[in-house]
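Reader: I have not looked at this one before. Can you walk me through it?
Author: Here it is.

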Amino acid sequence: MKRQNGNSRSRMTREALRRKRSPFYKKKSFIIPLILVIIIVIGIFTFWKINSSNNTNSTQSSHKVEKVTSKKSTKKKTTKKAKKNAAQKVTKEQPAQKVEKQPEQKQTAPQIKNPGTYSDLTYDTDWYTFKISNEVKLIKDANGDAALMVKYNYTNKTNNNEVPQQVQNNAIMLKQDGKQLSATTATGDNAAIINSSNNGQVQAGKNFDGALLVKVNSTTSEVTMYFKNIQTNDWLDSTQPLKLD
C-alpha cells in the first residue's frame, strides 16, 4: 500500500511538473480566455457588419427618394413653365380678339348736296324731282265741291319704292288766303290719275306722270305752292303762284 501511494504521488508530481513546464498557449488558463475573446470579437464583427448593411440600405433608399423627389420637382417646374407660356400666348392673342370684337362704327348718313331748289316749275332735291305742269284747272271732287288739280312728273331718286302722293304731300304745300288746302278725292275721268298717284309705287330711278287734287275755299283767290328743304325741314323762299280766274 505504501508503495502504491508512493507511485501515485510520483505520477501526480510528474504530471504537475509536465503541466508546469508546458508552453503558456497550451495552458487552460490561456486557451479559455482566448476562446472567449475570439467569440466576443466575432460577435462584434457580425454586429458591425449587420449595422453597416442596414446603413447602406438606408442610404440607398434615401437616394432613391431624393431622386423621385427631384423628378416631381422637375415636373412641377415644367408644368408651371407650360402654364406661364400658355398665359403669355393668350395675352399676345388678346389684342387681335379685341380688334375683332370692336363695335362697328355707325354709318353716317350720306351728305345732302341739294336739299331743295325751285325754278321754272321744277322742284329738285337729292331725293326726288317734281316738274309742275302748265295744266292747272278747277274741277269737281267726289263730293261735288270745287277742287284744284295740278299735274306733275315725279322722279324717284332714292333706292326705295315710293308713293308719289305721300312724297308730294310731305314736300309740297298749297295755301289759299293764308290757309293750307287739304287733299280730296276725284271722280269721273280724273279719278284714274288721282288714284294711281295716291296708291301706286314708283321704283327707284323711275319717273311717273301724276297729279294732286286739293279742295279750294274760293274759285277766284290765288293759290300759292310752297316747297320744302329736306335737310332743315323748312319751307323754301321760292314759291309758285297759281291764278284761278
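**Sheet and pocket**

Author: Keep in mind that this is a predicted model. An open sheet of four strands runs in the order β6-β5-β8-β9, and the pairing is antiparallel.

Reader: Which strands stand at the edges?
Author: Those are β6 (179-180) and β9 (235-242). Each has a single partner strand, so one side of each has no neighbour in the sheet.

Reader: How many bridges join β5 to β6?
Author: Two, and the strands run antiparallel. Q176 is opposite K179 in β6.

Reader: What does α3 touch when it packs on the sheet?
Author: α3 touches β5, β8 (223-228) and β9. The direction of α3 makes about 60° with that of β5.

Reader: Switching topic. How much space lies in the largest pocket?
Author: About 190 Å³. The largest pocket is lined by 18 residues, and the closest to its centre are Q165, Q168, N169, A183 and V214.

Reader: Which elements give two or more residues to that lining?
Author: They are α3 (164-171), β5 (172-176), α4 (191-199) and β7 (207-215).

Reader: And which one gives the largest share?
Author: β7, with four residues.

Reader: What about the lining by class: how many nonpolar, polar and charged residues?
Author: Ten residues in the lining of the largest pocket are nonpolar and eight are polar, with no charged ones.

Reader: So where do the sheet and the pocket share elements?
Author: α3 packs on the sheet, and α3 also gives residues to the pocket lining. β5 is a strand of the sheet and gives two or more residues to the lining as well.

Conventions:
Residues are numbered from 1 along each chain as its sequence is written. This is a predicted model: local features need pLDDT of at least 70, side-chain atom pairs count only at pLDDT 80 or more; totals for chains, interfaces and linings use all residues. Side-chain values use heavy atoms; hydrogens and water are left out. On a 1 Å grid over the protein atoms alone, a cavity is a set of points where a 1.4 Å probe fits but cannot get out, and a pocket is an open set with protein on both sides within 12 Å along at least five of seven lines; lining residues have an atom within 4 Å of a point. Grid points are joined across faces, edges and corners, and a volume is the space filled by probe spheres set on the points. Ala, Val, Leu, Ile, Met, Phe, Trp, Tyr, Cys and Pro count as nonpolar, Asp, Glu, Lys and Arg as charged, and the others, Gly among them, as polar. Two strands pair if DSSP finds at least two bridges between them. Contact means heavy atoms within 4.5 Å. Axes are lines fitted to C-alpha atoms, for helices over the stretch in contact, and angles run from 0 to 180 degrees between N-to-C directions.
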